[in-house]
Each structure stands twice: as C-alpha cells, then as structure tokens.
Amino acid sequence: MTDSQPTVPDPTYLHLLTAEMDARAAAAEPPESPFAGAPESATAKVRAAVDELAPQLLSLASDIYGYAELAFEEHRSAARIAEQVEAAGIEVERGAYGVETALCARFGPDTGRTIGICAEYDALPEIGHACGHNVIAATGVGAFLAIARAYGGRAEELPGQVVLLGTPAEEGHTGKEYMARAGAFDDLDAAIMLHPAGYDAADVLWIGRRVLDVTFTGVAAHASAQPFMGRNALDAASLLYQGIGLMRQQMPPIDRVHAAIPEGGDRASIITESTRVSLYVRSSHPETLMNLSERVENIARGAALMTGCGVEVSWDKHPPSMPVRANQALTGRWSIRQQERGRSPLPRGVVSDTLAASTDFGNVSYLVPGIHPMLAIAAPDVALHTRGFAQAAATEAAEKGVLDGAYGLAGVALDFLCDDALAAAVRQEFDDAGGVLRAAEMFG
C-alpha cells in the first residue's frame, strides 16, 4: 500500500534565503535622489487630495477585488474605473487601443512632457486577486485623480500631461504589448506603476518570458501486437522534457524553463499518435531570452528527429514579456516619495534574484523610461499567486498600501513633469541603456 500524499518540500533553503535577505535589508539604505523634484507646494496639494479621495479609492480596490475578473474579461472592473474618473469630470476612452477592456484618460496640457500611469485589474483563476491587481488599479487611478484634484480647474498650470492607462490582461498574457502595438505609449516620455508584495523595494529583478507550444505527430499502432509499425509521439514529448532537464546544468542561473504535457495520449495499448507540450521560457535580458528560446526549440526538433515524429513549434500565442529595465533616476524619486509615507524601499540587490517573476510592464520599459517598484501589503513570507496573498489584498495593510502607493506614483509623476534636470537624466539613462527595443521586432 502506497502513501497517497506527496512529501513535504524541505523549507531549509527558503529559510536561509530569507535570512540572507533580512541581513541585507537591515544593512541597506533606501535609494536617494540628487534631484529636487516637484516643489513642496505641489506635492502638499497631492497629499491632501489623496486623503480626500481615500474613501473612493478604498471602495474601488474593494469592488475590483470582489469582481476578480480574468484576463480580457475585466468588463466590470474597467467600467467601475471609468465611472470613477468620469465622475471627476474627465473624459475616458473605453476600449482604448483596440483592447475591449482597456482605458485611457488624460489630464493637463499637451505642450510639455507626458507621463503615463498604468493600472492593472485582472485576477487569477480560482484564487482571485492573488497578485493584488485591485491594489494596482486603485493606486494608479488614485495617483491620476489626486493630480487632477490638486490642480482643480487649473489644468493648464500643470507643466505637462498625466495619462491614466487601464491595462488589462497581465496574468499569463501581455495586454500592454497589444496596447503598445496600437500606439498606447508612443506619445509618452515615461511610464510608471507599482506592484504589491511582501516587502517594499524600489527595484527588483523581473525576467522576460516567452510561451512555446510544441505538437508532436506520430503514427498510431497496437502497442503490443505491432509496436514497430508506430511512431510514438509520447516518446518525443518525454525526450523534450528530459532534454530540457539536462540542459539546465548549462543554463545561466537566472534562466528558467518549465513545462507541462497537457495532451499525452489516451490509451496505454495504443502507440500515442499526438502529444502537446506547453513551455514557459524565461531569462533576464532580451538577448539571453532569444538564445534560450533557440536552444529549447532545437531540443524539440531533436526529439522529433530521434523518434521519427513530425513536429510543429508555435511561439507566443500572446506576445512575449520583456524583462523590466528600471530607470534608476525615477527609482530614486519613488524612494523619496515613499520615505515621506514612512516606508523604506529596498535598493536593487536586497531581494534575491531567485524570486524573480515576469510582467508585461517589461515591454513598456523598453519603449519609454519606467519603474515597477514593489509595495508591501503582506508579510515577507507571503508569496504572490497564493491564497495567502489573495487574503492580504483585502486587508488594512492593503488599504494603507493603496493610499501610500497613490501618493508615491503621483509624486513621481509630478517630479518628472516639474524637474527638467530629472527628466533629462531619465532620458539619458534610457538612451545609454540602449534606447527603444520593441518586442515585436525582436521576437516577431
């Protein structure tokens, strides 16, 4: 008789990793900024506006949490955001940039610099807002409305324009890339957003991701009477899976490949005629992501050759996600604005790169300068995409995060629009890092 339960993973490495991060965090200082940013008179008005908007923003976060709509199905969430912005007297474009649940709203003159604030609002299957996108939505909307309220009927006094972009379908998809291909970021000089987490961090590693589907076609035959008349597609899938496992020894430490075999045959008595393998391929740079993609595809084709099967390789049903290229000049301003709220954002290198995930904001960060900092709403040991984090996204800590995050994004936006020296440094850093790189041109 066998035990029906799996063994419990040993948490020793995770505990050691956490201890190392705790030690680094205790010794770390929040990033600083050499730039003056926006005048205190402007940010004071934004602080007051966030306080005034607090009931609306917390209600918005709560409602979106309850809707828990999946990618490209966020109709109630998008409508709720649009109604709240329209109630402030600001026009909202619904179904923006060819995406039915995307939004766009603008405030301020179009004669100066323009900065975009992204708001996500899709959830995960079964476990709802286990990535805290209800908090992301409320902070983005809150920052936009706080600036609009601070300047009241004097929009022309704002030295530039703030754009709210409702960006659906981040979970397992790349909604921002669809919007980008329709021009959503073409007129922006920078773009910002945040992500809730178990810690405050001004910058962490976000790695790029591609999705590969491999279909092997064999020849069915009786597995006992005439196996020699078959070509086994399950063997090909197995060889692909094993080949990836063997390749891991020669992969850069931060690279990731994970796979599932959603279609692996029906009956043990029949040589399997068709299988499908679904893979995620991730890396920390666009160039290394391309290289890893080629290696994985070669393994798939080799598995087909070894088994005599046909193979079809299909990349990126949805566009790939690029790594995030964080702009450190903007990161410093985020840190300053969060310190004003009593938070101490960690610099890059404190949170282990081992914990890296992916986001479609990476695609944006290669089009315009951008930041994607982390905002603590949970305990450090509560991981994203878990039921524990879904619970954290509806707590008092999350509500505090909504208000702190809204002020932080609004403050960074004003800093960028008001401070010419900061804006010049932001652009120079972006250009020095390679400038614009479009996912569609690199990966097809």
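This is a predicted model: local features need pLDDT of at least 70, side-chain atom pairs count only at pLDDT 80 or more; totals for chains, interfaces and linings use all residues.
1. A disulfide is a covalent bond between the sulfur atoms of two cysteines. The sulfur of Cys118 illustrates the result: the closest cysteine sulfur, in Cys104, is 10 Å away, which is too far for a bond, because a disulfide requires the two sulfur atoms to be within 2.5 Å.

2. Cys118 is buried, and its relative accessible area is 1%. Cys309 is likewise buried, with a relative accessible area of 10%.

3. The aromatic pair. One aromatic pair is found when the whole structure is searched. Phe72 and Tyr178 form an edge-to-face pair, because their ring centres are 6.0 Å apart and their planes stand at 70°, and an angle over 60 degrees counts as edge-to-face.

4. Location of the pair. Phe72 belongs to the loop between α2 (40–67) and α3 (75–87), while Tyr178 belongs to helix α5 (residues 175–181); the pair therefore ties together parts that are 106 residues apart in sequence.

5. Charges over rings. Two arginines deserve mention here. The charged end of Arg209 sits over the ring of Tyr280, at 5.1 Å from the ring centre. The charged end of Arg210 sits over the ring of Trp315, and the distance to that ring's centre is 4.3 Å.

How values were computed. Residues are numbered from 1 along each chain as its sequence is written. Side-chain values use heavy atoms; hydrogens and water are left out. Rings of Phe, Tyr and Trp (its six-membered ring) pair if their centres lie within 6.5 Å; planes under 30 degrees apart count as stacked, over 60 as edge-to-face and the rest as tilted. Helices (H or I, at least four residues) and strands (E, at least two) are DSSP runs, numbered from the N terminus. A charge sits over a ring if NZ of Lys or CZ of Arg is within 6 Å of the ring centre and within 35 degrees of the ring normal. Buried means under 20% relative accessible area, exposed over 50%, partly exposed in between (1.4 Å probe, protein chains only).
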